[in-house]
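Dear colleague,

Please find below the structure that I am handing over to you. My notes on its pockets, helix packing and individual residues follow it.

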Amino acid sequence: AGRVFKTTDSAKYMNSPETPIYNKSKILYGLHECKNAILKKNFVIVVEGYLDFLQLYQSGIDNCVAVSGTAFTPLHAMQLKRFCNNVYIAYDGDDPGKAAAIRAGYVLLKADMTPHIINLPAGKDPDEWVKIEGKRPFLQALEKSIKLLHFHYMNYQGDISNTAGKSGFTNDVLSEIVQIKDPINREIHAQLLSDLIGISLESILQALNALIDKRQKRKEIYNSN
């Protein structure tokens with residue numbers, strides 16, 4: 001892969017295709033170098049690009065990895081879970097970066113891991129930010145990182161001040177947390193959603209259980225065929 005410079009193309013990277021030994025959905029760039037630091041510190045920082053990783057690493061932040069030209073996947077989560085449960089996502093500070101961070105956060109949540117999102121300045125990526133301002137602002141943002149549901153709420157595209165917006169956000173979150181296998185973890189996040197959106201836990205659990213029943217019926221129909 002390579003980084004694109006001096007072009008009007010919105011894509012930052014030129015990525016190679018997958019091969020039988022290069023599975024982008026599984027491989028995390030830098031993991032072989034940083035796994036011991038991740039184990040020692042008990043958390044990992046996930047970034048989007050190779051140069052984001054390299055900039056953090058050469059700045060002394062050695063518990064980080066990068067995805068390799070693909071979205072964050074359950075296979076990536078399985079790789080990281082071997083070393084820690086706490087994951088801090090540091091994607092670009094623009095709207096697509098925030099949306100990708102939220103999607104990655106739910107992948108981690110469904111793997112029973114604990115995702116946080118680092119809020120980068122608008123339009124900045126970790127590479128540019130650390131290169132210009134040094135690592136201190138990045139580490140300060142790491143300390144102020146935001147839990148997934150709160151970050152999703154803050155960056156939801158709909159108008160949460162009205163009933164339709166609240167309903168849309170609630171349904172979006174429920175469609176994700178219904179896939180959490182551990183019932184205790186699932187109920188914890190139902191409680192977080194209830195507190196965040198101002199809807200009773202009883203109503204949230206009722207909607208969640210309806211989704212669980214629907215998924216179970218679909219599974220039974222699929223298995224019967």
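A pocket, as the term is used here, is found on a 1 Å grid over the protein atoms alone: it is an open set of points with protein on both sides within 12 Å along at least five of seven lines, whereas a cavity is a set of points where a 1.4 Å probe fits but cannot get out, and lining residues have an atom within 4 Å of a point. Please note that this is a predicted model, in which local features need pLDDT of at least 70 and side-chain atom pairs count only at pLDDT 80 or more, while totals for chains, interfaces and linings use all residues. Residues are numbered from 1 along each chain as its sequence is written, and side-chain values use heavy atoms, with hydrogens and water left out.

Pocket and cavity

The second largest pocket has 13 lining residues, and Ala 99, Ile 102, His 152, Asn 155 and Gln 157 are those nearest its centre. Its volume is about 260 Å³, where a volume is the space filled by probe spheres set on the points, and grid points are joined across faces, edges and corners. Helix H4 (95-110) and helix H8 each contribute at least two residues to this lining; helices (H or I, at least four residues) and strands (E, at least two) are DSSP runs, numbered from the N terminus. H4 gives the most, with six residues. By class, the lining of the second largest pocket comprises four nonpolar, four polar and five charged residues; Ala, Val, Leu, Ile, Met, Phe, Trp, Tyr, Cys and Pro count as nonpolar, Asp, Glu, Lys and Arg as charged, and the others, Gly among them, as polar.

One cavity of 30 Å³ or more was found in a search of the whole structure. The largest cavity has a volume of about 40 Å³. Six nonpolar, three polar and two charged residues make up the lining of the largest cavity.

Helix packing

The axes of H8 (residues 163-177) and helix H9 (residues 183-197) cross at roughly 170° and come within 11 Å. H8 is therefore roughly antiparallel to H9. Axes are lines fitted to C-alpha atoms, for helices over the stretch in contact, and angles run from 0 to 180 degrees between N-to-C directions. Angles under 35 degrees count as roughly parallel, over 145 as roughly antiparallel, 65 to 115 as roughly perpendicular and the rest as oblique. Among the residues that meet are Phe 169, Val 173 and Leu 174 of H8 and Ala 190, Leu 193 and Leu 196 of H9, contact meaning heavy atoms within 4.5 Å. Eight nonpolar, two polar and two charged residues form the contact of H8 with H9.

Phe 169, in H8, is buried, with a relative accessible area of 0%. Buried means under 20% relative accessible area, exposed over 50%, and partly exposed in between (1.4 Å probe, protein chains only). Neighbours within four places in sequence aside, the contacts of Phe 169 include Leu 149, His 152, Tyr 156, Ile 160 and Ile 197. Gly 158 is eleven residues from Phe 169 in sequence and 7.7 Å from it in space, C-alpha to C-alpha.

Helices H5 (residues 126-133) and H6 (residues 135-143) have axes 7 Å apart and pack at an angle of about 125°, which means that H5 is oblique to H6. Pro 126, Trp 129, Val 130 and Glu 133 of H5 meet Lys 135, Pro 137, Phe 138 and Ala 141 of H6. The contact of H5 with H6 has six nonpolar, no polar and two charged residues.

Loops and backbone

Most residues other than glycine have a negative phi. Asn 42, although not a glycine, has a positive phi of about 65°; this residue is in the loop between helix H1 (31-41) and strand E4 (44-47) and is partly exposed at 40% relative accessible area. Asp 112, also not a glycine, has a positive phi of about 60°. Asp 112 lies in the loop between H4 and strand E7 (114-117) and is partly exposed at 29%.

Thr 73, in the loop between strand E5 (64-67) and helix H3 (74-81), counts as buried at 13% relative accessibility.

Yours sincerely
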